[in-house]
Amino acid sequence: MPNPSIDPDQIATTEKVIRPHIRRTPIIELDGSEFGLDSFPLVFKLELLQHSGSFKARGAFANLLLRKVPPAGVVAASGGNHGAAVAYAANKLGIPAKIFVPTVASQEKIGRIRGYGAELVVTGERYAEALAASERWQTESGALAVHAYDQPETLLGQGSVGLEFEQQSPSLDSLLVAVGGGGLIGGVASWYANRIKIVGVEPEAAPTLHNALQAGRPVDSPAGGIAADSLAPKQVGALMFPIAQKHISGVTLVTDDAIQQAQQVLWKTLRIVAEPGGAAAFAALLSGRYKPQPGERVGVLVCGGNTAAVDFTRGSGAASKDSGPLPSARKTTSH
């Protein structure tokens, strides 16, 4: 598929190719009042239940199935989730994989990458440094580079989240999506193509798309905060940026405290264990940074769950009591 367009037709075509290899993740229909918010219809899509623990498996399979993979295999740079997804897809398809991650990557994500049999290199403090190292290796080896977000096939694969969500919940008015490099929101926004309101959610410590939209182009931004291993690239992708300008209604910024609180509430209320990046979209609702209109049917993508949020080795209740902060929030902020 040379230089595919990022549009609903191509997303639907890609979805058919990757469907045998991905899960159809479930949704949960609730009311905002369950979380102490105003009453409005609320639909979570639990993409953290996807293979490898995040939506990234969709884009990984799209790359490996739609592009020609050389004998040297594939190489990818990642904050963790993309690397785990590429390692998983490569393992399933019998393809060699080498994954570069920064030191900020959580041990949970590093463990997943190793568990899928990929060669792992931990280098640099942030994603941009791991990416530079992976690019040097790609030049030396001739391996196929699988970019985490700035690759057409990646966007097309992630767009299948939107296709699937619309099939499951066809009457959404708005959809909140966490933003890192923009592959997920770029693909989802391309699928919906202004038929519903798409709202990006970013940490205040990594306002990458927010700053790009203000500047009118991708620009370097801070890359810190609790979700630095998933939502903190140096810039948003060049491919997704015009999509954002055309199809995304705006970006809401949330604090690290709000993300931690969203993690805790998801666990206490629904027994959902989300990583910080996976809980960021819900944090916009819970903190009041995004306020739905009366009766607005709001979708929220819970996009990743690669975190050691509950320590099952400590016996019943030791790490899962309903009082106090979750251990996950503390464990995932120290990287």
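Trainee: Which residue does Val74 stand opposite in β6?
Mentor: Val74 stands opposite Leu144 there. Bear in mind that this is a predicted model, where local features need pLDDT of at least 70, side-chain atom pairs need 80 or more, and totals for chains, interfaces and linings use all residues. Numbering starts from 1 along each chain as its sequence is written, and side-chain values use heavy atoms, leaving out hydrogens and water.

Trainee: OK. And what stands opposite Val75 in β6?
Mentor: Ala145 of β6 does. Strand β3 covers residues 74-77 and β6 covers 144-145; strands are DSSP E runs of at least two residues, helices H or I runs of at least four, numbered from the N terminus. β3 and β6 pair in the parallel sense over 2 bridges, and pairing takes at least two DSSP bridges.

Trainee: How many bridges link β3 and β4?
Mentor: There are 4, again in the parallel sense, with β4 at residues 97-101. Here Val75 faces Lys98 of β4.

Trainee: What order do the strands take in the sheet?
Mentor: The open sheet has 4 strands in the order β5-β4-β3-β6, with parallel pairing. β5 (119-122) and β6 are the edge strands, each pairing on one side only.

Trainee: Which strands does helix α5 lie across?
Mentor: α5, residues 127-141, lies across β3, β4 and β6, at about 160 degrees to β3. Helix α4 (107-115) lies across β4 and β5, running at about 150 degrees to β5. Angles run from 0 to 180 degrees between N-to-C directions of axes fitted to C-alpha atoms, for helices over the stretch in contact.

Trainee: Switching topic, at what angle do α1 and α2 pack?
Mentor: About 85 degrees, with the axes of α1 (8-18) and α2 (56-66) 10 Å apart. That makes α1 roughly perpendicular to α2, a label for 65 to 115 degrees.

Trainee: Which residues make that contact?
Mentor: From α1, Thr14, Val17 and Ile18; from α2, Arg58, Phe61, Ala62, Leu65 and Leu66. Contact means heavy atoms within 4.5 Å.

Definitions and conventions: Parallel < 35°, antiparallel > 145°, perpendicular 65-115°, else oblique. Buried < 20%, exposed > 50% of the residue type's maximum accessible area, 1.4 Å probe, protein only.
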